[in-house]
Amino acid sequence: MSTSSSSSQNLKIGIVGFGTFGQFLAKTMIKQGHTLAATSRSDYSELCLQMGIHFFRDVSEFLDADMDVILLCTSILSLSEVVGSMPLTRLKRPTLFVDVLSVKEYPRNLLLRVLPEEADILCTHPMFGPVSGKDGWKELTFMYEKVRIRDEPTCSKFLRIFATEGCKMVEMSCEEHDKAAAKSQFITHTIGRTLAEMDIKSTAIDTKGFETLVQLKETVKGCSFDLYSGLFVHNRFARQELENLEHALYKVKEMLAQRMHEEQGP
């Protein structure tokens, strides 16, 4: 973003939940010239000082800071508790709330229920993280739904953060997202965790396919079980996909048993 245009495009963004993912997003937002603040259950004051971010230990003072955008970077499982504990009456003006959770219907419904009517809501899912996005965000997918937007300029400025970095911007409903994510992200994590339970390891004669499976196991092991369980508990389509996976494995075992019977004869 050029210096001449930056002042009119800059946002005051407050991050709620300054863990690994919040820090990851913050670095690019700072690079683009946005003004950031953060609050979190853990004390990140030293890190924020190094990054040029104002850290608030008290969430009331955080809300008093008059942000354009409040970016919710909590875990799936803690979202309800975190938002429920925020004294939203301290907001000084209509504010854009954005979530970045890996499920979408759940935060949409929660935010519609608990936020003030005048608050705008943008549900998003950056389909990348600190590992896949370490060399930039170009061509990486950013999904979003404008759930309740009255202040279009602020919403557009926020989305431009990701478009400017070259993200593939995909607008879709939260329901469509969760249907697709149950078939892709949830199944990926399930297969990876199953391989981890089997404790598969590289061998001296690995095929390329097996190398991919080992890498999947290692990648998924780096994700918390809270994330994985959140993908299941708070995505109503995940249960069916887990049943489909179990049924598919049973069918494969049946096919093998049938072939073994045929080969061995009566």
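A crossing is right-handed if the near helix is turned clockwise from the far one by less than a right angle, and left-handed if anticlockwise. The views below come from a predicted model.

**View 1. Helix 8 passes helix 11 in a right-handed crossing.**
Helix 8 spans residues 174–198, and helix 11 spans residues 238–264. Their axes lie 10 Å apart, at an angle of about 55°. Helix 8 and helix 11 are therefore oblique to each other. On the helix 8 side, the contact is made by Ala182, Lys183, Phe186, Ile187, Thr190 and Ile191. Facing them in helix 11 are Ala238, Glu241, Leu242 and Leu245. Seven of the residues in this contact are nonpolar, one is polar and two are charged.

**View 2. Helix 8 passes helix 10 in a left-handed crossing.**
Here the packing angle is about 130°, and the axes of helix 8 and helix 10 are 10 Å apart. That angle makes helix 8 oblique to helix 10. Helix 8 brings Gln185, Phe186, His189, Thr190 and Arg193 to the contact. Helix 10 brings Phe225, Leu227, Tyr228, Leu231 and Phe232. By class, the contact has six nonpolar, three polar and one charged residues.

**View 3. The largest pocket holds about 1,500 Å³ of space.**
The lining counts 47 residues. Closest to the pocket centre are Thr20, Phe21, Ser102, Ser224 and Leu227. Several elements give two or more residues to the lining: helix 2 (20–31), helix 5 (79–84), strand 6 (120–126), helix 8, helix 9 (208–221) and helix 10 (225–233). Which element gives the most to the lining? Helix 9 does, with five residues. By class, the lining divides into 20 nonpolar, 22 polar and five charged residues.

**View 4. Methionine 51 lies in helix 3.**
Helix 3 covers residues 45–51. Leaving aside residues up to four places away in sequence, methionine 51 touches Phe18, Gln23, Ala26, Lys27 and Ile30. Methionine 51 and methionine 143 are 92 residues apart in sequence. In space, methionine 51 and methionine 143 are 27 Å apart, C-alpha to C-alpha.

Terms used:
Residues are numbered from 1 along each chain as its sequence is written. This is a predicted model: local features need pLDDT of at least 70, side-chain atom pairs count only at pLDDT 80 or more; totals for chains, interfaces and linings use all residues. Side-chain values use heavy atoms; hydrogens and water are left out. Axes are lines fitted to C-alpha atoms, for helices over the stretch in contact, and angles run from 0 to 180 degrees between N-to-C directions. Helices (H or I, at least four residues) and strands (E, at least two) are DSSP runs, numbered from the N terminus. Angles under 35 degrees count as roughly parallel, over 145 as roughly antiparallel, 65 to 115 as roughly perpendicular and the rest as oblique. Contact means heavy atoms within 4.5 Å. Ala, Val, Leu, Ile, Met, Phe, Trp, Tyr, Cys and Pro count as nonpolar, Asp, Glu, Lys and Arg as charged, and the others, Gly among them, as polar. On a 1 Å grid over the protein atoms alone, a cavity is a set of points where a 1.4 Å probe fits but cannot get out, and a pocket is an open set with protein on both sides within 12 Å along at least five of seven lines; lining residues have an atom within 4 Å of a point. Grid points are joined across faces, edges and corners, and a volume is the space filled by probe spheres set on the points.
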